[in-house]
Amino acid sequence: MPKVSFEMESVTVEIPEGKTIWDAAKLAGIALHRGFGEAHHCDGNGWCTGSACAVDLRGRDPAAVTPPTWKERWLHGRLLRHHKRLACQCAPRRDLTVVTIP
């Protein structure tokens with residue numbers, strides 16, 4: 001089971017294979033949605049209007065997480081270009097450190 005460490009919050013949680021970073025944040029009690037995203041989030045379905053649950057992956061090893069989903073590529077390509085991922089669409093394959101975006 002991979003461990004997800006949230007750098008800004010100094011919290012590490014262990015999640016089952018196939019669960020997303022969004023699931024890990026929820027388990028740890030970390031609110032990823034801020035501002036407009038807090039009032040109008042998509043509950044982890046990848047249909048948000050912006051980068052409501054975007055995270056920055058430390059190490060930038062693409063093999064550490066699942067590949068970008070079609071939602072990320074089609075709706076949120078600018079995040080990918082800046083090495084960020086939607087927490088709800090990204091599942092860790094091994095231990096991972098992420099930085100939540102304020």
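Which residues form a nonpolar patch on the surface? The first point takes up this question; the model throughout is a predicted one.

1. Surface patch. The nonpolar patch consists of Trp47, Trp70, Trp74 and Leu75, whose accessible area together is about 510 Å². Tryptophan 47 is located in the loop between helix H2 (36-39) and strand S3 (54-57). Its relative accessibility of 47% places tryptophan 47 in the partly exposed class.

2. Sheet architecture. An open sheet is built from 5 strands, ordered S2-S1-S5-S3-S4, and its pairing is mixed. Strand S2 (11-14) and strand S4 (84-86) are the edge strands, each pairing on one side only. From one strand to the next, the twist averages 35 degrees.

3. Strand S1 and its partners. Strand S1 (residues 3-6) runs parallel to strand S5 (residues 96-100), and 3 bridges join the two. Within this pairing, valine 4 is opposite leucine 96, and serine 5 is opposite threonine 97. With S2, strand S1 pairs in the antiparallel sense over 4 bridges; here phenylalanine 6 has valine 11 as its bridge partner. The hairpin of S1 and S2 has 4 residues between the strands, and serine 10 in this hairpin adopts a positive phi near 55 degrees.

4. Salt bridges around arginine 58. The whole structure contains 3 salt bridges. In one of them, glutamate 7 meets arginine 58, with the closest N and O atoms 3.1 Å apart. Because glutamate 7 lies in the loop between S1 and S2 and arginine 58 in the loop between S3 and helix H3 (70-75), this pair ties together parts that are 51 residues apart in sequence. Aspartate 56 is buried, at 12% relative accessible area.

5. Arginine 85 and glutamate 72 form a salt bridge in which the closest N and O atoms are 2.8 Å apart. This pair links distant parts of the chain, since arginine 85 belongs to strand S4 and glutamate 72 to helix H3, 13 residues apart. Arginine 85 is buried, with a relative accessible area of 6%, and glutamate 72 is likewise buried, at 1% relative accessibility. As for shared partners, salt bridges join Glu7, Asp56 and Arg58 into one network.

6. Cysteines. How many disulfides does the structure hold? The count is 0. The sulfur of cysteine 53 has its closest cysteine sulfur in cysteine 88, at 3.8 Å, which is too far for a bond; the cut-off applied is 2.5 Å. Cysteine 53 is buried, at 2% relative accessible area, and cysteine 88 also counts as buried, at 6% relative accessibility.

Note on methods: Residues numbered from 1 in each chain as written. Predicted model: local features only at pLDDT ≥ 70, side-chain atom pairs only at ≥ 80, totals over all residues. Heavy atoms only, no water. Buried < 20%, exposed > 50% of the residue type's maximum accessible area, 1.4 Å probe, protein only. Patch = residues over 30% accessible without salt bridge, like charges linked within 9 Å, V, L, I, M, F, W, Y side chains within 5 Å. Areas by Shrake-Rupley, 256 points an atom, 1.4 Å probe, with all protein chains shown as cover. Salt bridge = Lys/Arg side-chain N within 4 Å of Asp/Glu carboxyl O. Pairing = 2+ DSSP bridges. Axes fitted to C-alpha atoms, helices over the stretch in contact; angles between N-to-C directions.
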